[in-house]
Structure formats: structure tokens, C-alpha cells
Amino acid sequence: MFRFVNSLQFELKSGHTKCISEDIKHNAVTVGKYSVVNPNDGYPIPDSHKISGRVSSPLGNSYHDADRAESGNFAFTAAEAGDYIACFWAPDHYPVLILNVEFDWRSGVAAKDWLNVAKKGKIEVMEFELKKLYDTVTSIHDEIFYLREREEEMQDLNMATNSKMFTFSFLSILVCLSVAGLQLWHLKTFFERKKLL
């Protein structure tokens, strides 16, 4: 819940796609915003510098779609845990343009706008810090339980793999001993037929 990308800036060539993934926990609040950096300050962004974007869940559900936009925002609560993917692409252009995109993606405790919370609630400084710490502790607590569940899943997988390997090893030894016995029997009968024994 503490992982977040803060003010990332990347280059996007026209006609190409760039994707960024974020591992987000189930029921975590997620907010993001992106904007194309204007190459000509003081003038509107040209149509050639507009991008399309899509944010999707690990199961392929779409949480945000934008077409030919110069900026955008998205916010959602994660319905499932896993890697959420934000993809951006620019239309083909000749000559090839390189667009600079600023991207800010926050999840969990980092997604809360603490200044607005303090202003709306008219909270004293100490109460504000305590609320912030309480949310942090709660998210750590939830993360520990999530990690315990994952650990149990990994232990179950490990036990299943160990039992399969034991069975496979036992069968391999059995096959090897059977083949060795057949070879000895074949050699014995061969030498008896040739009257060497």
C-alpha cells in the first residue's frame, strides 16, 4: 500500500506505446494524473502532441480511457489485487515526434490528499498528524495480513511441489531399478544361450 510512483516523466514517440505497471492491493484507493509537456510555452498544445491512455486491471477491466487528450485524471478503488497497467500511445506522425509526458500515480495512504483533509475538517496540527499516523498503521496492518495470506499460498505451493517431486523421484528410481533388473536378466539369458555361463 505504500508503493507509489511520484512525478514520473517519460518520453513517448509518436506511433509507439509505453506502459507502466503498479502492484496494487485489493480495496486500495488509487489516483493518478498525466499531462503532455507543452513544447511551446504560452501557446496551446498542437493536435500532434495529444495522447491516448488506458488504465486496466490485472483481469483486463478498464478503469480509465482517454482519446487524443493533452491531460487526464483517474481515480478508483482496486477491485482485485495485482499489477494494474497504465498504457499511453501517440498517433503516427511524420516526422516522428517525441512527446514528454508527466505522470503521477499514487495508491494507498499516499493517494490521500492530506492538506484537503486538514482544511475540510479544520483539524488541529496534532490531530492531523495522528490521523495520518493512524492511516499509516492501518495500512501496515492490512499489508501484514496480506503478506501472511501470500506466505500461506506459497507454503501450500511448496508442499504440493515437494510431494510431486517425491513421487517423481520414487517412480524414477523404480524405473531405473526395473531397467537394471531387465538388463541383468537379458545378459544372463544371453550368456546362457551362448554357453558362456
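**T30 is placed in strand β3 (residues 29-36).** The model is predicted: local features need pLDDT of at least 70, side-chain atom pairs count only at pLDDT 80 or more, and totals for chains, interfaces and linings use all residues. Residues are numbered from 1 along each chain as its sequence is written, and side-chain values use heavy atoms, with hydrogens and water left out. Strands (E, at least two residues) and helices (H or I, at least four) are DSSP runs numbered from the N terminus. T30 has a relative accessible area of 0% and is therefore buried; buried means under 20% relative accessible area, exposed over 50%, and partly exposed in between (1.4 Å probe, protein chains only). Leaving aside residues up to four places away in sequence, T30 touches I24, F74, A75, F76, W105, R106 and S107. A contact here means heavy atoms within 4.5 Å.

**The whole chain has eight strands and two helices.** Along the sequence the order of elements is β-β-β-β-β-β-β-β-α-α. Of the 197 residues in the protein, 28% are buried. Among contacts with a separation of 6 or more, 73% are between residues 24 or more positions apart. The protein has an accessible surface of about 13900 Å², and 59% of this surface belongs to carbon and sulfur atoms. Accessible areas come from the Shrake-Rupley method with a 1.4 Å probe; for residues, only the protein chains shown count as cover.

**The largest nonpolar core contains 24 residues.** Such a core is a set of buried Ala, Val, Leu, Ile, Met, Phe, Trp, Tyr and Cys residues joined through side-chain atoms within 4.5 Å. The members that touch the most other members are Y34, I51, F88, F103 and W105. Two or more residues each come from β1 (5-13), β2, β3, β4 (51-56), β5 (62-69), β6 (71-77), β7 and β8 (98-107). Strand β8 gives the most, with four residues. In soluble globular proteins, nonpolar side chains tend to be buried together. Around Y34, and not counting residues up to four places away in sequence, the contacts are I51, H64, A66, S71, G72, N73, F74, F88, V101, E102 and F103.

**A disulfide joins C19 to C87, with an S to S distance of 2.0 Å.** The count of disulfides, taken as pairs of cysteine sulfur atoms within 2.5 Å, comes to one. C19 lies in strand β2 (residues 17-24) and C87 in strand β7 (residues 82-89), so that the pair links distant parts of the chain, 68 residues apart. The disulfide is right-handed because the torsion about the S-S bond is about 110°. C19 is partly exposed, with a relative accessible area of 44%, whereas C87 is buried at 17%. Another cysteine, C176, is exposed at 52%.

**R54 and D65 form one of three salt bridges in the structure.** A salt bridge is a side-chain nitrogen of Lys or Arg within 4 Å of a carboxyl oxygen of Asp or Glu. The N to O distance between R54 and D65 is 3.7 Å. R54 is partly exposed, at 32% relative accessibility.

**D104 forms a salt bridge with R106.** Their closest N and O atoms are 3.3 Å apart. D104 is buried, with a relative accessible area of 13%; R106 is partly exposed at 24%. R106 is also among the residues that T30 touches.

**F166, F170, L171 and L174 make a nonpolar surface patch of about 450 Å².** Patches are made of residues with over 30% relative accessible area and no salt bridge; like charges are joined within 9 Å, and nonpolar side chains (Val, Leu, Ile, Met, Phe, Trp, Tyr) within 5 Å. F166 lies in helix α2 (residues 125-193). F166 is exposed, with a relative accessible area of 62%.
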